[in-house]
Amino acid sequence: MRQRYGRSRGRARGTKRAAKAEAPGAGKSEPRSNVVIPPALTVKQLADILGVSGIEVIKYLMRNGIMANINQVIDFDSAVIVATELGCEATEEPQTAGGDVEKYDFKEEDSAAQKQRPPVVTIMGHVDHGKTKLLDTIRETNVVDTEAGNITQHIGAYQVEVHGQKITFIDTPGHEAFTAMRARGAKVTDIVILVVAADDGIMPQTVEAIDHVRAADVPIVVAINKIDKPDANVDRVKQQLADNNLLIEEWGGDIVCVQVSAKRGDGISDLLENLLIVAEVQELRANPARPAIGVVIEASLDSSKGSLATVLVQTGTLNIGNNVVVGETWGKIKAMFDDRGRRIRGAEPAMPVEVLGLNSVPQAGDLLTVVSSEKEGRAEAQRRQSERAGISVSMAPRLSNLFARMQAGQEKELNIVLKTDVQGSLDPIRISLERLGSDELKVRIVHSDSGNITENDVMLAIASKGIIIGFNTRPEPGAKLLADQEGVDIRCYEVIYKLVEDVEKALVGLLEPTYVDVVEGHAEVRAVFAVRPVKIAGAYVTDGKFSRGAQARVLRGGEIIHESSVSSLKHFKENVREMAAGFECGIGIEGFSAFEVGDIIESYRKERMG
């Protein structure tokens with residue numbers, strides 16, 4: 001973390017050096033009216049393309065909440081914001097072969113080579129509502145008994161055949177895994193089966209799953225399970241679905257709803273037939289004759305086999321001997337196995353396979369692409385590694401640059417993850433925010449709940465390209481770290497009208513620059529010492545760093561009980577200016593001495609945004 005903040009300061013110094021390097025009056029050149037911009041480029045390259053000075057580009061980026069120096073790489077969306085403000089019409093430079101392999105939104109060529117492909121179905125729902133048992137019944141194999149405690153531990157992908165047509169099923173541990181893959185860009189699911197137990201009804205995890213599926217804009221088919229139970233209440237479940245804006249066909253809506261018993265097998269054939277109908281409406285097609293593109297569903301390292309990856313082929317045919325690049329790794333397909341462990345030589349669109357031959361373990365959500373040679377695969381993987389290391393400017397929307405992005409035609413919808421301290425605050429805030437939308441920019445609450453802002457909330461914001469708004473709540477340390485890494489905008493408020501006012505100003509381009517808290521480190525209080533006239537905390541720095549004079553807050557049970565600054569910092573008996581993670585130290589907080597063992601001290605600084 002220390003290195004990270006050092007880089008931030010380095011960026012600021014780099015910006016000053018860049019400013020000095022510019023010749024006086026260089027910013028007075030006339031910008032070009034039509035420009036072609038590549039998907040990623042440095043600030044200097046953008047300045048050259050636009051025909052203006054680097055200082056001018058940096059200035060416009062800073063106005064829109066993007067801090068970058070002259071040599072920093074920015075994305076196309078950020079570059080368009082600058083071009084638009086300078087009155088230029090920008091178009092994206094087409095990618096050359098091999099440079100576009102990381103994109104997920106690939107387009108199939110319009111030709112007779114396209115054929116109907118099987119739908120890919122994900123099963124989601126509450127933890128014990130029978131998701132895996134339902135899949136077990138469909139496959140007519142005993143999957144459940146192989147899982148620890150009869151709860152799904154791994155992602156699995158399976159194919160079944162119904163009336164001569166195949167359906168691919170993905171069984172996930174929960175909506176978090178689904179959204180994590182969506183957040184990384186992987187669009188693997190065509191239909192989601194939402195399993196709801198007839199005896200339990202809709203549970204909090206069910207509501208979360210609904211919000212995650214809506215954010216992904218994927219069709220939902222509801223399976224009301226456990227109808228064989230004596231306390232099953234199907235009508236109550238239908239009403240609960242309606243309360244969550246899922247109106248089933250029987251009630252005049254468009255949501256397919258099927259009653260099933262995974263235990264007895266009731267309604268399974270009806271469910272499968274409805275899946276095929278929904279898939280037929282979507283007209284799912286792919287070209288099996290082209291080189292394969294797929295997505296990693298899960299990956300692991302086997303002590304005897306090496307790197308293993310479960311891949312869902314999305315288009316083309318993956319064959320033994322193909323050279324591939326997968327995320328930031330590469331390899332040659334040495335062996336492939338289907339969902340029943342049988343060796344196969346080729347995998348067509350929508351078929352899940354386990355592959356051997358990668359030189360390292362990829363990440364779930366990584367894209368697999370066939371390349372012409374191992375040399376090309378290695379070079380492409382290394383290029384991505386270098387590119388990812390260089391691109392640190394977020395592509396995520398922020399309230400501070402929302403109006404500019406809207407004018408540039410990049411934003412049509414403001415997606416918000418809303419978290420409050422109590423449930424009673426959700427409805428008035430949600431209603432107030434949704435009223436702010438217009439024809440040009442709609443406000444959409446993709447998920448709302450009470451409690452602290454979690455890593456799962458951040459993943460959902462990434463997946464939906466949204467922001468997080470908290471009311472009388474704050475992000476957990478892990479969520480804050482992830483949001484900083486991924487560039488997710490988190491806004492926390494204590495007054496409702498101020499919250500609504502800021503969103504309204506963002507929509508009309510009037511939002512003033514704000515300051516956000518950048519956490520620098522955490523320390524856990526492990527002892528309390530009396531040093532007249534005050535008490536100091538004997539603490540262990542768990543992450544980041546602590547500096548004397550830095551702003552700090554004391555947290556107890558996740559709640560802030562005091563905010564001021566670090567008044568003293570000692571290592572043994574010596575006064576020190578800074579302490580890094582992994583060391584014990586004595587910490588004094590200005591105006592506070594009521595420490596308790598287990599308190600968390602958080603060091604932070606204020607940083608201007610926008």
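A residue counts as buried when its relative accessible area is under 20%. In this predicted model, Thr206 has a relative accessible area of 0% and is therefore buried. Thr206 belongs to helix H7, which covers residues 204-216.

With neighbours within four places in sequence set aside, the contacts of Thr206 are His126, His129, Leu194 and Val196.

## Packing of H2 against H3

Helix H2 spans residues 43-50 and helix H3 spans residues 54-63; their axes come within 8 Å and cross at roughly 110 degrees. Angles of 65 to 115 degrees count as roughly perpendicular, so H2 and H3 are roughly perpendicular to each other. The crossing of these two helices is right-handed.

On the H2 side, the residues that meet H3 are Val43, Leu46, Ala47 and Leu50. Their partners in H3 are Gly54, Val57, Ile58 and Leu61. Sorted by class, the contact of H2 with H3 holds seven nonpolar residues, one polar residue and no charged residues.

## Glu56 in H3

Helix H3 also contains Glu56. The relative accessibility of Glu56 is 14%, so this residue counts as buried.

Glu56 and Val82 are 26 residues apart along the chain, and their C-alpha atoms are separated by 9.1 Å.

## Helix H5 and the residue after it

Helix H5, residues 131-139, is mostly covered, with seven of its nine residues buried. The buried residues are Lys131, Thr132, Leu134, Leu135, Asp136, Ile138 and Arg139. Charged residues are found in this buried set, including Lys131, Asp136 and Arg139.

Glu140 follows H5 and has a positive phi, near 60 degrees.

## The aromatic pair

A pair of aromatic rings is described by the distance of the centres and the angle of the planes. Rings pair here if their centres lie within 6.5 Å, and planes over 60 degrees apart count as edge-to-face. By this rule the count is one aromatic pair. The pair is formed by Phe592 and Phe595, with ring centres 5.0 Å apart and planes at 85 degrees, so the arrangement is edge-to-face.

Both partners fall under the burial cut-off: Phe592 counts as buried at 13% relative accessibility, and Phe595 is buried with a relative accessible area of 7%.

How values were computed
Residues are numbered from 1 along each chain as its sequence is written. This is a predicted model: local features need pLDDT of at least 70, side-chain atom pairs count only at pLDDT 80 or more; totals for chains, interfaces and linings use all residues. Side-chain values use heavy atoms; hydrogens and water are left out. Axes are lines fitted to C-alpha atoms, for helices over the stretch in contact, and angles run from 0 to 180 degrees between N-to-C directions. Helices (H or I, at least four residues) and strands (E, at least two) are DSSP runs, numbered from the N terminus. Angles under 35 degrees count as roughly parallel, over 145 as roughly antiparallel, 65 to 115 as roughly perpendicular and the rest as oblique. A crossing is left-handed if the near helix is turned anticlockwise from the far one by less than a right angle, and right-handed if clockwise. Contact means heavy atoms within 4.5 Å. Buried means under 20% relative accessible area, exposed over 50%, partly exposed in between (1.4 Å probe, protein chains only). Rings of Phe, Tyr and Trp (its six-membered ring) pair if their centres lie within 6.5 Å; planes under 30 degrees apart count as stacked, over 60 as edge-to-face and the rest as tilted.
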